[in-house]
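User: I am new to this structure. Can you walk me through how to read its surface patches and salt bridges?

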Amino acid sequence: MNKKNIFIYLLLALPLLLTSCLKDQEDLFTDSASARSAKYLSNVERVLTSAEYGWVLNYFPDREQSYGGYAYTMQFDEENVKVCFELADDVTQSITSTYSLTNEGGPVLAFDTYNDYMHYFATPTGSSGAGGYQAYDGDFIFIVMNISEDENTITLKGNRSGNVMYMHKLTQSVEDYQSEMEEFKKNLVFDQAIGVIDGQAYHLGIAADDRYMTISPVVGEDEEAEEESIETPFCFDIDGFSFYEPVTIAGKEVKVFKYDETEGTFTAQEDNSVVFSALLTTSIVTNNIGESITLSNNAKTLTYEFNLADKFTYTSDVDWITVSASGKVVTINVAQNTGVARTGHVTAEVDGQTAVITINQVPLSGLFETLELYVAYSNISEAARPYFDVCKALSDSESENIGVMAFVDYNAENGYGLFFTSGSYGGLLGLKVTPVSGTEIKFTYEGDRNYSSGTWYYNHGYYVLIDYLESTTFILSADNEDNPSYMILTDSKDSTKSFKLTTAPVSNPFDN
């Protein structure tokens, strides 16, 4: 067959070939593009709504993930979604709003009515800086990129930020998940950890509030690190954390870490040779117990619960304080005090570091001067009112209103006294408080410590109240000897004369 005949033959066969190709294409796409999209969206809805407990979304706002990651939990029905938020005042309280599934150049999940939680990172505040006019560059519209074969994970892409985020099917209630995550964050008492991987030490810095971690190789002063430090955003889980994307440490790619509460270790789930152990510092103890404790004379058993509490050694320098630790609980026992105020110390030690906790056992007479105590006229007995009435009468004569009257430690220079305001004036009348017994005090006027207009008011009438305070010993009583909300001062010479002072501030005392 010559070339001309071959060409004619091919032209004659072309319609048949085209018909065959078109038939194959029709077999490959039996549904239209719109039908396929509708089918896919229907499947997304089925997966979202069929989850018994709902979903947790590891959410990263800002296209640079500058704010780290946060957990949302969601429960879907055919029209609405119930959302809980890690940063809410009540993490178990949900807000319900609508959502939609549409095809806009691809399958899209949109939270299409305003939800305080879901739109938190996308709502401008009107101020400058983070969260201002541009909000936090957060998303509430997502492209659905993938559903895993087991339908336990949905991959989303933020329409605004472009961040890839993951929804994981919950295996417990939303309330339990959020509560357990709050408990985990509370138990994360350290912010540094150390790991040795293939002979190389690495330091892990945890900025929990910023949701950022720094991983740095540990080298000597004269050495140069072979690896650069890594800064990466992360999101908390109920028992660990996950990075926004995998990072490589000592040649090992890792992303998800689980926490062992007993040992204080984080272990990578992708490679369990990558382990970081808590770097213990005594600040863990003082952050959870405090550096100073003031108690009444009564015997007390104090308990403090925090993770890794038993990793520290505790000792006391006095026989009336004993301390022990077991698991997450530190117990401090303080014996009853039958004498004057006393002070003891508990020392916590770990890896050569020490922290000292001061324990003061103070009777009411010693506690009195440490509190701010406010006068209210209704809390003054009839027999004691004339001494206070003189102060009101003087202020009234000057067309002034007494705005506050309180027994306070005013400042380092002037110290303790009776502080008051009268109109646009005011001052402090210096008083020395002397414990007479565990429940008795005596006042002494020290005019050289008066402040502002204190001396003028003393000379023009306030001396009547001060002279009375100096003239007797007062018996103290309180509603709670360790943390009183009020103290009652009763004249030891005349029990009909008494006044109650409250720790809650009182404005306009002669109107209350």
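Analyst: Start with the surface. This is a predicted model. I194, V196, V218 and L279 form a nonpolar patch there, with about 290 Å² of accessible area together.

User: Where is V196 found, and is V196 buried or exposed?

Analyst: Look at strand β10, residues 192-197; V196 is found there. Exposed means over 50% relative accessible area. V196 has 57%, so V196 is exposed.

User: Now the charges. How many salt bridges does a search of the whole structure find?

Analyst: The search finds 17. To read one, look for a side-chain nitrogen of Lys or Arg within 4 Å of a carboxyl oxygen of Asp or Glu. K258 is in strand β15 (residues 252-260), and D237 is in the loop between β13 and β14. They are 21 residues apart, and the pair links distant parts of the chain. K258 is partly exposed at 24% relative accessibility, and D237 is partly exposed at 22%.

User: What does E261 form with K328?

Analyst: A salt bridge, with the closest N and O atoms 3.6 Å apart. E261 lies in the loop between β15 and β16, and K328 in the loop between β21 and β22, so the pair ties together parts 67 residues apart in sequence. E261 is partly exposed, at 33% relative accessible area.

User: Which side chains meet at 2.9 Å, N to O?

Analyst: Those of E446 and R449, in a salt bridge. E446 is partly exposed at 25%, whereas R449 is buried at 17%. Elsewhere, salt bridges that share partners join E86, E182, K185 and R211 into one network.

Technical notes
Residues are numbered from 1 along each chain as its sequence is written. This is a predicted model: local features need pLDDT of at least 70, side-chain atom pairs count only at pLDDT 80 or more; totals for chains, interfaces and linings use all residues. Side-chain values use heavy atoms; hydrogens and water are left out. Patches are made of residues with over 30% relative accessible area and no salt bridge: like charges are joined within 9 Å, nonpolar side chains (Val, Leu, Ile, Met, Phe, Trp, Tyr) within 5 Å. Accessible areas come from the Shrake-Rupley method with a 1.4 Å probe; for residues, only the protein chains shown count as cover. Helices (H or I, at least four residues) and strands (E, at least two) are DSSP runs, numbered from the N terminus. Buried means under 20% relative accessible area, exposed over 50%, partly exposed in between (1.4 Å probe, protein chains only).
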